[in-house]
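Here is a friendly walk through one structure, from its aromatic side chains to its loops. Have the sequence and the 3D view open as you read.

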Amino acid sequence: KYVGYVLFLACFSSWRVANTSKPGIITPRSLPRYDHYPYDNLMFLPNRRCDTTNLIRIPRSKFDRMKYKQNVPRYDHFCGWVYNTIG
């Protein structure tokens, strides 16, 4: 009988953590922490700036237009199930 309640609480708790956790935001102060991936010179060029935030675009980063309106390092996708950026 209580297994269903425990399972529901575990599922809801994991969804809540995924919904409220931040993927990391690139700011001028946090830029050195995330800038350790090699540039491929195709999509990501050294010293290229984001058109929206005017920050240097580091490899594997994208501008998140859905929730945070900031650059996210290692951006993968926006998940509608947890309503959060996956990165």
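This is a predicted model: local features need pLDDT of at least 70, side-chain atom pairs count only at pLDDT 80 or more; totals for chains, interfaces and linings use all residues.

## An aromatic cluster on a helix

F12 has a relative accessible area of 42% and is therefore partly exposed; here buried means under 20%, exposed over 50% and partly exposed anything in between, with a 1.4 Å probe and protein chains only. Residues are numbered from 1 along each chain as its sequence is written, and side-chain values use heavy atoms, with hydrogens and water left out.

How many aromatic pairs does the model hold? The count is four, where rings of Phe, Tyr and Trp (its six-membered ring) pair if their centres lie within 6.5 Å, and planes under 30 degrees apart are stacked, over 60 edge-to-face and the rest tilted. The F8 and F12 pair is stacked because the ring centres are 6.2 Å apart and the planes meet at 15 degrees. Both residues sit in helix α1 (residues 2-20), four residues apart, which means about one helical turn separates them; helices (H or I, at least four residues) and strands (E, at least two) are DSSP runs numbered from the N terminus. Ring pairs also bring in W15, giving a cluster of F8, F12 and W15.

With 12% relative accessibility, N19 is buried. Beyond residues up to four places away in sequence, N19 touches K67, V82, Y83 and N84, a contact being heavy atoms within 4.5 Å. Between N19 and G87 there are 68 residues in sequence and 13 Å in space, C-alpha to C-alpha.

G24 belongs to the loop between α1 and α2. Its relative accessibility is 12%, so G24 is buried. Setting aside neighbours within four places in sequence, G24 meets Y34, N71, V72 and P73. From G24 to I56, 32 residues along the chain, the C-alpha separation is 16 Å.

## The nonpolar core

Which residues make up the largest nonpolar core? I26, L31, Y34, L55 and I58 do, five residues in total. Such a core is a set of buried Ala, Val, Leu, Ile, Met, Phe, Trp, Tyr and Cys residues joined through side-chain atoms within 4.5 Å. Leaving out neighbours within four places in sequence, L31 has contacts with I26, I56 and I58.

## Arginines in the loops

R57 is in the loop between α2 (31-34) and β1 (62-63). This arginine is buried but has no salt bridge, and the nearest side chain of opposite charge, D51, is 6.7 Å away. A salt bridge needs a side-chain nitrogen of Lys or Arg within 4 Å of a carboxyl oxygen of Asp or Glu; Lys and Arg count as positive, Asp and Glu as negative, and His and the chain ends are not counted. Apart from residues up to four places away in sequence, R57 touches Y39, F44, L45, R48, R49, C50 and K62.

R60 is also placed in the loop between α2 and β1, and R60 is partly exposed at 40% relative accessible area. R60 lies over the face of Y37, 4.7 Å from the ring centre; this requires NZ of Lys or CZ of Arg within 6 Å of the ring centre and within 35 degrees of the ring normal.

Most residues other than glycine have a negative phi. R60, however, has a positive phi near 70 degrees. R74 is not a glycine either, and its phi is positive at about 55 degrees. R74 lies in the loop between β2 (71-72) and β3 (77-79) and is partly exposed, with 44% relative accessibility.
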